[in-house]
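Here is a short report on a sheet, a helix and a pocket. Have the coordinates open while reading.

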Amino acid sequence: MGTTARKLLLVEADPNKREHMLSLFRQPALASFEVDICTQPREAVHRAGQNVFFACLLPNDLSLLQDIRRVAVDTLCILISEGGDAQGDSRAIEQGADDVLVRTSIDADQVDRALLHGQLRRDSGSKLERQAKQDPLTGLGNRARLEEELDRLLIQGKRSASAFALLYIDLDYFKQINDSFGHGLGDLLLAVIANRLRRTMRQDDLIARIGGDEFVALLRNVADPNDAALIASKIIHTLSEPITLSGHHLLISASVGIALYPQHGHSATELLHHGDQALYRAKANGRNGYSFFNPEEQAQTRHNLDIEQGLRHGLLEGQFRLHYQPIVDTRTGDTVSWEALLRWQHPQLGLLSPDAFLKLAEHSGLILPMGHWVISQALAAVKSWRAAGVDCRLSINLSDRELKQPRFADQLRQLLAKSKVPPGVVQLELREAALLKHAEQAAQLCQSLNALGVDIWLDHFGAEYGALGYLTRLPIKGIKVDTRELTSEQDTDHATYLRNLIKLARSLDKQVTANYVENAQSAEQLSSWGGDFLQGYWIGKPRPLDELLDQSGSLSST
């Protein structure tokens, strides 16, 4: 089998049997092998996991065979049977032995032949095995490879008290890139990401792709959590570097959840689950960062994950509803528009308002399909009330995610054409904070929507500082102000602030809607200050479409 020295591990407790096997390796056929001796099965597993052996010669112990195969997947395993039990030998082969030799008839040529044939069988099957454990798109390991390596590290960790880290990696906003530029470019992006991850990982670490844009890294010999944090930081930094593909300049970021063995779990299921929970926490903290699994936060994270899964199920099962709240003209008292407000008819928790689930929808990316559903349903509602002879506009809230969608205006144009609703009937409400946070994208979207004929309003105006300049630079129809802090006293600081804010907006030829109007006195105050429109529970509570159509005669007035 050649002259280059290769290491073998001989596992044998009986000194006479051990000496007999060693004598075979002094013969010319086996003289090229360097033999290490081990007398204890537990130590054998540890040494096989820590060193590179060409082969292990083992007693006919199937439990030991399985442990060795887990920690040393590339090492040949030759079993030495004490008798000629063909059925037992077949079981050993099924459990992963490369060959079985009968001790009573063993000689050097048989050992040499077993090693040679075992290697040939491994070589012939290695390509198929690699393909079965390789992600075809990125060339990284797949879930099967991850589970195999994780199993091996767990066995090694239990026997030698060695620690390791699991990093759960998810690309931020990857779905938007797929939706905006197509899956072809998305696949190219994943291949680039995979190469960057390879460069970031240490040579002995494993990186696997386990889902669309989900990756898991296993870091060996990580005793200090700071080492795992350092590698997570390197991953985040490396993936944040700009990428140019097919003429498109892409910016990507990643969130990383970290689970440590043995602190955060003693099984593959626990570690993957806790890494996923830590990832969820990293995303909830603003993305583009990492987070360690924290048992104290597990209950809240579990609740949030349950809500998120419920959101996915709710979208598929049609559990969401739209309610419509009237907006009235202060001069005539007529209802001029209806704001579409999302509700979730949860099977256990009842009717939920967006406060209970909207942030989780944002973090998970579900806000995009939810937003598409809201617009589609709301436009269908417009057709219904226009068919009933009601001339009211439709107001819809725009999420941060939708604001950053490059093709949002095109998608809205298609939905308007499909529903046959005139663009001038629709007004979209953009939160002032989102405008300031994503100013460039917001400016582009405002221009596109204005060209489409859709009005843009700034919601929660005045809560931030710095948006005033955009009122003059962008085609913004009007502002919405929050009046919840308005009291019966007319000379409070907040009342003065609201009065001046309304006056300023009117001086810029912008319309003003006062939201959260709760009583007649507030309505009168806001009207006297120059507010154009009023909205709130005193004006009217949000109601389902069928209730509005049943009372269609009241739609043109409060």
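In this predicted model, β7 and β8 run antiparallel and are joined by four bridges. A hairpin of four residues links the two strands. Across this pair, Arg209 stands opposite Phe215 in β8.

Strand β8 covers residues 214-220, and six of its seven residues are buried, so the rest of the structure largely encloses it. Buried here means under 20% relative accessible area. β8 also pairs with β6 (residues 164-172): seven bridges join them, again in the antiparallel sense. Leu166 faces Leu218 of β8 in this pairing.

Where do these strands sit in the sheet order? The sheet is open, has five strands and reads β7-β8-β6-β11-β12, with mixed pairing. Its edge strands are β7 (206-209) and β12 (290-292), each of which pairs on one side only. From one strand to the next, the twist averages 20°.

The parallel part includes β11 (residues 253-261) and β12, which share three bridges. There, Val256 stands opposite Tyr290 in β12. In general, strands of a sheet pair through backbone hydrogen bonds, either parallel or antiparallel.

| Strands | Sense | Bridges |
|---|---|---|
| β7 and β8 | antiparallel | four bridges |
| β6 and β8 | antiparallel | seven bridges |
| β11 and β12 | parallel | three bridges |

**Helix α6**

Helix α6 spans residues 143-160, 18 residues in total. Its first and last C-alpha atoms lie 25 Å apart, close to the 26 Å expected at 1.5 Å a residue. At the helix start, a side-chain oxygen of Asn142 comes to within 3.1 Å of the backbone nitrogen of Ala144. After the helix comes Ala161, with a positive phi near 60°.

Which residues of α6 are buried? They are Leu146, Glu149, Leu150, Arg152, Leu153, Leu154, Ile155, Gln156 and Gly157. The list holds leucines, but also the charged residues Glu149 and Arg152.

**The second largest pocket**

The second largest pocket holds about 1200 Å³ of space. Its lining counts 40 residues. Nearest its centre lie Val73, Asp74, Arg145, Glu148 and Glu149.

Which elements supply the lining? At least two residues each come from α2 (41-50), α3 (62-71), α5 (108-132), α6 and β7. The largest share, seven residues, is from α5.

Note on methods. Residues numbered from 1 in each chain as written. Predicted model: local features only at pLDDT ≥ 70, side-chain atom pairs only at ≥ 80, totals over all residues. Heavy atoms only, no water. Pairing = 2+ DSSP bridges. Axes fitted to C-alpha atoms, helices over the stretch in contact; angles between N-to-C directions. Expected span 1.5 Å × (residues − 1). Buried < 20%, exposed > 50% of the residue type's maximum accessible area, 1.4 Å probe, protein only. Polar contact = N/O pair within 3.5 Å; in protein donor to acceptor, adjacent residues only side chain to side chain. 1 Å grid on protein atoms, 1.4 Å probe; cavity = no way out; pocket = protein on both sides within 12 Å on 5 of 7 lines; lining within 4 Å. Points joined across faces, edges and corners; volume = space filled by probe spheres on them.
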